[in-house]
Amino acid sequence: MGVDRRLFGKNLIHVRELCQWTRTEFIEMFTLNMDSKSRRRVRSLVWMAEQRDQRRSVLAIPISNLFRIPLHALTTEDLTGETLETLRERFQFDPFEVTQRAAEFRF
């Protein structure tokens with residue numbers, strides 16, 4: 001059995017939806033201080049990560065840092081069965097802190 005190439009995208013969608021963020025809200029949260037070209041690039045990268053079979057994404061490390069969920073867990077574990085509570089317990093994930101750190105997002 002091979003590695004699911006879409007785990008990062010599936011996990012990204014799941015965590016985003018647990019936090020009740022639409023894709024647009026999620027992107028806007030951390031692109032406020034970016035120019036329009038950078039915003040378009042991030043929008044495209046998020047869409048590709050969520051919709052395509054990808055082994056890697058340039059967003060994986062920055063998103064891992066933003067969520068404070070280890071890169072290995074975000075890219076190799078199926079987190080879609082997790083709740084906000086279990087993410088808090090396992091990784092100290094806090095949606096409020098994510099929104100606070102979002103302005104510092106760099107990729």
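How many aromatic pairs does the ring-pairing rule give? The count comes to four. Rings of Phe, Tyr and Trp (its six-membered ring) pair if their centres lie within 6.5 Å. Planes under 30 degrees apart count as stacked, over 60 as edge-to-face, and the rest as tilted.

This is a predicted model: local features need pLDDT of at least 70, side-chain atom pairs count only at pLDDT 80 or more, and totals for chains, interfaces and linings use all residues. Residues are numbered from 1 along each chain as its sequence is written, and side-chain values use heavy atoms, leaving out hydrogens and water.

**Aromatic pairs and cluster**
- Trp21 and Phe26 are stacked, at 6.0 Å centre to centre and with 25° between the planes.
- Phe26 also pairs with Phe67; the centres are 6.0 Å apart and the planes sit at 50°, so this pair is tilted.
- Helices are DSSP runs (H or I, at least four residues), numbered from the N terminus.
- One aromatic cluster takes in Trp21, Phe26, Phe30, Phe67 and Phe93.

**Burial of the rings**
- Trp21 and Phe26 are buried, meaning under 20% relative accessible area (1.4 Å probe, protein chains only).

**Thr31**
- Thr31 lies in helix H2 (residues 23-31).
- Thr31 counts as buried because its relative accessibility is 1%.
- Setting aside neighbours within four places in sequence, Thr31 contacts Arg39 and Val42; contact means heavy atoms within 4.5 Å.

Note on methods. Helices (H or I, at least four residues) and strands (E, at least two) are DSSP runs, numbered from the N terminus. Buried means under 20% relative accessible area, exposed over 50%, partly exposed in between (1.4 Å probe, protein chains only).
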